[in-house]
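The structure is shown first.

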Amino acid sequence: MKEQLEALQSEALEKIKAAENLKELQEIKVAYLGKKGSLTKVLKGMGKLTKEERPVVGEIANRVRESITEALENKSELLEKKALEEQLEKEAIDITLPGRPVNVGGPHLLTSIIEEIEDLFIGMGFEVREGPEVETDYFNFEALNLPQGHPARDMQDTFYITNELLLRTHTSPVQARTMREYKGEKPVKMICSGKVYRRDTDDATHSHQFTQIEGLFVDKNVRMSDLKGILDTFAKKMFGQERKIRLRPSYFPFTEPSVEMDISCKVCNGDGCSVCKGTGWIEILGAGMVHPNVLEMAGYDPDIYSGFAFGMGPERIAMLKYGVNDIRQFYTNDIRFLKQYHKA
Amino acid sequence: MLVSLNWLKNYVDIGMITPEELAEKITKSGIEVEGIEYIAEKSENVVVGYVESCEKHPDADKLNLCQVDVGEEKLQIICGAPNVAQGQKVAVAKPGAVLPGNFKIKKVKLRGVESNGMICSLQELGIEEKYVPKDAVDGIYVFPDEVAVGESVETLLNLNDAVLEFDLTPNRADALSMLGVAYEVAAILDQPLNLPDEDVEVADEDANQYISVKVEDKELNPYYGAFLIKDLEIKPSPLWMSNYLMAAGIRPINNVVDITNFVLMEYGQPLHAFDYDRLETGKILVRRAKQEEKLVTLDDLERTLSGDHLVITNGEEPVALAGVMGGASTEVNDNTTTVLLEAAYFAPAAVRKTVRDTGLRSESSTRFEKGIDPNRVRRAGLRACQLLQKYAGGAVLQNAVEFDELDRTEKIVEMNTNEINKRLGTEISSEEIVHILKKLRFNFEQNIDDFIVYAPTRRGDISIFEDMLEEVARIYGYDNLPFTLPAGASQAGALTAKQQLKRDIKNYLQGAGLVETITYSLTNEEKISKLISPEIKEQNPAPVALAMPMSEDHKFLRLSQLPELLGSLAYNEARNQSDLAYYEIGKIFVSDEKGLTKQPEENLRLSGAVTGTWIEQPWQQEKKEVDFYLVKGIMEGLFDFLQIPVAFKQESLSDMHPGRCATILLDEKVIGFIGQLHPLLEKQIDLQETYLFDVNLEEVFAAYSNIPAYSQIPKYPSIARDIAFILDEEVQAGDVKAVIEKSGAPLVIQVGIFDVYQGENMPEGKKSIAYSLLYQHPEKTLKDDEIEESFNQIIETVNEKFNAYVRS
């Protein structure tokens with residue numbers, strides 16, 4: 001019997017070795033170890049053995065079973081691995097084909113610029129305020145020291161709706177509204193942006209609708225040097241640390257003194273080139289110390305409070321920063337234009 | 001304002017400074033210099049020549065053969081100008097000369113005859129044609145006889161001048177005169193001033209014997225001075241004066257007109273010369289015009305006037321529009337011998353209305369509108385008399401006939417060194433302030449750190465402390481101010497919840513593939529009534545119109561953003577950009593008033609328009625055109641993201657596809673709509689299928705809670721069940737879904753739709769919709785029989801309500 005068992009073992013191991021796939025292997029397993037398998041059959045013949053022979057043959061039989069089982073397992077693992085490899089090979093794809101397109105939109109360039117400026121001033125403790133686009137003559141002009149008949153009203157040709165109502169010509173009425181809301185009792189530190197309108201014929205440099213962003217800071221003991229410091233901080237963050245600013249006297253009815261701020265030209269670094277028209281400087285914004293009449297009308301005592309205000313045009317900044325050469329581009333919404341600035 | 005530097009040098013020594021450096025200094029201390037014009041870049045080798053003879057060219061009718069004495073030599077020059085003649089003194093560009101435009105003069109042969117140079121017109125020498133005297137426009141320029149042959153033309157004609165172009169802000173009317181500019185430049189350069197005098201020798205006769213002056217409205221005309229000059233000879237003005245006028249952008253006419261213009265530019269004081277004889281009455285009466293009164297002005301146009309306009313009359317008839325333009329009937333002409341010279345102060349209000357109504361804006365009216373110096377009015381009159389005597393040979397009569405109630409007092413401003421430094425953030429000393437005031441030539445009294453400043457009347461813009469603060473600061477130099485940051489407690493800056501939400505919504509939409517746009521708020525008559533959301537339409541809005549629109553296209557404030565947005569789509573479509581997904585967040589303007597008495601309600605909206613292909617390059621999937629469900633999905637995603645429960649309700653809205661449109665409801669209230677643009681409209685503006693959405697963001701903001709309530713993450717498993725119903729094809733999937741949700745509550749926590757089928761193997765008029773149900777209980781694991789019971793209940797209810805049966 002011993003010989004029989006050993007023959008069975010070597011036969012089985014031979015077959016396992018030759019097996020080419022898992023199915024074959026399973027058949028081998030059934031053929032030898034199954035209920036009707038060869039090994040089982042042999043073992044069933046053990047009853048005929050003597051008492052002495054039984055443990056000896058039993059041990060051999062167990063060894064044979066273990067050896068076949070182990071061989072089966074090893075082979076099975078091997079075949080599984082091989083099968084997986086084959087499957088993975090079959091699953092290989094052409095990775096040079098394009099991916100499934102994802103539609104990605106983006107912000108308008110003016111929004112990007114406005115939000116960048118807003119965030120910058122929020123970081124300096126300013127709040128963001130808003131106001132109506134249809135304004136009263138009072139808030140658009142009178143409250144800003146532009147009474148009826150003031151020659152500077154001509155600087156801003158206005159779309160009137162009625163004698164009293166108009167499309168705001170600047171975002172400055174939001175300043176007057178905010179100060180009035182704060183009743184002259186607490187400091188004002190605000191920035192606001194939005195659409196404004198002027199009677200201009202649309203061309204490459206004029207638009208009857210455009211945007212403005214401006215800020216106001218009113219507190220006790222606000223100095224003109226503070227305005228210079230804040231504007232310098234702003235200009236360096238917005239246009240680069242190496243930029244210098246300069247203030248030039250100017251005129252706005254709602255500020256006194258009034259200034260215009262230039263930054264040193266990025267193209268020539270101040271030496272003068274065609275971009276800065278040879279001056280080395282580029283005009284960025286208007287600013288000034290809040291006119292005492294404006295403070296007073298809004299309920300702030302100009303003997304106690306002082307402040308500064310500044311305002312600029314996001315279109316102009318976009319044109320300078322990104323070289324946009326026609327203001328109408330901002331409102332035509334040509335997809336080829338809009339997409340260029342989605343990462344701006 | 002054009003400032004000739006050669007003219008300016010008469011009043012202030014600008015030393016060796018270049019025009020560019022001077023421009024920079026002026027710009028930095030208060031007046032923006034916009035540009036620098038050189039009259040002629042080059043004009044060497046151009047001299048005065050005497051035309052000794054002038055004959056016809058032997059071979060050319062239109063050319064003249066001239067022999068010209070240029071001092072050192074005689075040149076034979078061919079000249080084509082029709083006005084060249086023997087005996088003239090002319091400008092000769094000798095061979096080797098280079099004229100503006102890099103035009104080099106060489107010896108040439110013209111039709112076989114040698115020509116050694118060129119006789120020049122003023123234009124050829126670099127003077128703009130519109131400033132060239134009329135008689136010299138069409139030919140060469142002829143000098144007055146007194147110039148010397150061989151003299152350089154460059155200085156004679158002021159060709160070496162540089163002209164600064166000022167961009168003046170409205171407050172700096174003082175710089176609308178050469179004297180004002182001289183004050184400014186003297187202050188900047190810290191140089192002495194050399195002002196002209198107004199000394200004039202007067203005749204024995206008194207002007208009062210000839211003239212009377214009466215003013216009816218002293219508010220509008222507080223000063224009127226009439227000077228009388230007799231025995232004038234009308235002729236060209238001296239060369240230097242013509243030169244300065246041309247440099248200042250004024251065309252020389254004759255000596256009398258030129259002198260009034262010269263003094264206008266020099267003193268900033270408008271003057272007017274009447275032909276005394278043509279005035280007829282010797283009377284000046286200044287009054288408001290009568291209704292419908294007529295006046296023919298110098299430009300030969302008849303003006304119809306009203307009580308808003310101030311006129312000068314001869315006691316009866318208007319003879320001039322005060323401060324704006326003279327009348328034709330009393331204009332100085334070649335036969336004039338006696339002039340009544342007007343030097344008056346017209347209040348800005350007197351002139352502004354006339355200018356607006358007549359559209360006549362002139363150098364004179366501009367100065368009156370901005371305010372002239374009351375202390376210079378009479379002096380300017382005297383200066384003009386002095387020049388008329390000298391250059392027109394006139395006899396100036398004694399005494400001006402005046403009406404004079406003019407306030408000439410200086411405004412008093414108090415200031416203090418500490419207050420100045422406190423406001424500027426500087427440490428300027430009182431000595432330095434004294435120096436600045438002296439440079440500005442302001443009178444003042446000083447008591448240690450306290451100052452009383454008498455603001456000169458030429459600087460009408462200075463009346464309060466802050467004005468002086470600016471004067472001190474700008475002369476001190478803004479570059480010298482320190483950089484500081486505001487002291488005091490700082491507050492935290494942040495966006496409001498609403499502002500943050502607006503940004504979040506933008507980010508969501510951009511992530512979903514939409515591109516932000518900005519369109520115009522002003523729209524036209526056709527677009528104003530289109531695509532208005534139902535909840536806005538309900539308010540019966542009356543379009544808000546501009547009083548004076550600039551074009552029909554921008555006349556009304558929009559009631560919907562969609563029409564302009566569609567315009568942007570069409571713009572792109574016309575340029576072969578057909579796949580577009582646009583959104584805009586902006587305001588519409590709603591009022592139900594026909595005549596607006598208060599501000600319209602400004603309603604912030606989110607609008608979008610999507611057209612063309614959504615998924616392109618399909619090598620593995622179907623190319624996908626945009627459709628209703630794409631737009632609906634974007635909206636559902638948005639409201640899901642905002643955690644605001646909305647419903648969509650089928651609705652037919654005007655301008656929209658009747659079968660593909662729905663309103664968006666929040667708590668039963670319409671807050672917007674989605675759907676396909678009506679195919680007729682699509683065709684009209686050349687668009688493919690276009691889907692729109694429009695949402696009232698004010699309602700969204702109101703419904704949004706920025707701190708979502710915490711809800712327990714479920715601990716117990718959920719069980720999914722699918723079911724397909726066969727339904728009549730008119731039945732809407734959403735209605736069935738609502739019934740399932742209601743019937744399955746609270747165990748069914750989610751109902752989805754995963755298949756809709758109609759066609760083969762489906763009975764006529766029927767369709768199948770497959771729903772996926774999700775069961776879950778917050779506190780236990782659901783048992784099979786519990787689910788079974790609910791499931792059967794749902795089937796039964798759906799069967800009942802929709803005559804539906806389960807698809808096997």
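Chain A and chain B bury about 7400 Å² between them, with 55% of it on carbon and sulfur atoms; buried area is the accessible area (1.4 Å probe) that two parts lose on being put together, summed over both. In chain A, the residues that lose the most area to chain B are A:N103, A:K228 and A:P249, together 9% of what that side buries. This is a predicted model, in which local features need pLDDT of at least 70 and side-chain atom pairs count only at pLDDT 80 or more, whereas totals for chains, interfaces and linings use all residues. Residues are numbered from 1 along each chain as its sequence is written, chains are lettered from A in the order in which they are written, and side-chain values use heavy atoms, without hydrogens and water.

Contact (heavy atoms within 4.5 Å) involves these residues:

| Chain | Residues in contact with the other chain |
|---|---|
| chain A | 90 residues |
| chain B | 86 residues |

The two chains share 5 salt bridges, each a side-chain nitrogen of Lys or Arg within 4 Å of a carboxyl oxygen of Asp or Glu. One of them joins B:E24 to A:R246, with the closest N and O atoms 3.2 Å apart. On the side of chain A that touches chain B, helix α8 (residues 224-239) gives the most, with 8 residues; helices (H or I, at least four residues) and strands (E, at least two) are DSSP runs, numbered from the N terminus.

Chain B also holds an open sheet of 5 strands in the order β14-β17-β20-β21-β22, with mixed pairing; two strands pair if DSSP finds at least two bridges between them. Because β14 (212-215) and β22 (325-326) of chain B each have a single partner strand, one side of each is left without a neighbour in the sheet.
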